[in-house]
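Subject: Structure for your review

Dear colleague,

Please find the structure below. My notes on what was found in it follow.

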Amino acid sequence: MAHTQEKLAATAVEHGGLIWAIDALQPERHGTLLYVLYEVLSGTPVSAIQLPQAQASGLIEWLQPYQMGN
């Protein structure tokens, strides 16, 4: 995790901030969804979560630690 934080800090300094993105994948023949949070400019994966269905409450809870100012 320390390496990820260092990479994100260096990217923020180089580009003046970070750009976050989320991708969702649904493996074939499997009902669960895999969400991946990553930083766009560096291509750094930051976190992932597997949910049985798309639900806002689960995504909000997962993303709370990554809010600005936290």
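This is a predicted model: local features need pLDDT of at least 70, side-chain atom pairs count only at pLDDT 80 or more; totals for chains, interfaces and linings use all residues.

**Helix 1 and what it packs against**

Helix 1 covers residues 2–15, 14 residues in all. From its first C-alpha to its last it reaches 20 Å, close to the 20 Å expected at 1.5 Å a residue. Its buried residues are T4, L8 and T11. Seen down the helix axis, these fall within an arc of 60 degrees, so they line one face of helix 1. An α-helix has 3.6 residues a turn, so residues three or four places apart point the same way. The other side of helix 1 carries the exposed residues H3, Q5, E6, V13 and E14. Just after the helix comes G16, with a positive phi of about 80 degrees.

T4 is a residue of helix 1. It counts as buried because its relative accessible area is 17%, and the cut-off is under 20%. Not counting residues up to four places away in sequence, T4 touches T44 and P45.

**The overall layout**

The protein has 2 helices and 3 strands, in the order α-β-β-β-α from the N terminus on. Along the principal axes, its C-alpha atoms fill a box of roughly 40 × 25 × 20 Å. Of the 70 residues, 21% are buried. The accessible surface comes to about 5100 Å², and carbon and sulfur atoms account for 56% of that. Among contacts with a separation of 6 or more, 24% are between residues 24 or more positions apart.

**The nonpolar core**

Which residues make up the largest nonpolar core? There are 7 of them: L8, L33, Y35, L37, V46, L51 and W62. Strand 2 and strand 3 are the elements that give two or more residues to this core. Strand 2 gives the most, with 3 residues.

V46, one of the core residues, touches L8, W20, L37, Y38, E39 and Y66, leaving out residues up to four places away in sequence.

L63 belongs to helix 2 (residues 56–63). With a relative accessible area of 25%, L63 is partly exposed. Its contacts, aside from neighbours within four places in sequence, are I22 and L37. L63 and S42 are 21 residues apart in sequence, and their C-alpha atoms are 19 Å apart in space.

The count of aromatic pairs comes to 1. The ring centres of W20 and Y66 lie 6.4 Å apart and the planes are at 50 degrees, so the pair is tilted. W20 is in strand 1 and Y66 is in the segment after helix 2, so the pair ties together parts that are 46 residues apart in sequence. Both partners are partly exposed: W20 has a relative accessible area of 36%, and Y66 has a relative accessibility of 26%.

Regards

Conventions
Residues are numbered from 1 along each chain as its sequence is written. Side-chain values use heavy atoms; hydrogens and water are left out. Helices (H or I, at least four residues) and strands (E, at least two) are DSSP runs, numbered from the N terminus. The expected span of a helix is 1.5 Å times one less than its number of residues. Buried means under 20% relative accessible area, exposed over 50%, partly exposed in between (1.4 Å probe, protein chains only). The arc is that of the directions from the helix axis to the C-beta atoms. Contact means heavy atoms within 4.5 Å. A nonpolar core is a set of buried Ala, Val, Leu, Ile, Met, Phe, Trp, Tyr and Cys residues joined through side-chain atoms within 4.5 Å. Accessible areas come from the Shrake-Rupley method with a 1.4 Å probe; for residues, only the protein chains shown count as cover. Rings of Phe, Tyr and Trp (its six-membered ring) pair if their centres lie within 6.5 Å; planes under 30 degrees apart count as stacked, over 60 as edge-to-face and the rest as tilted.
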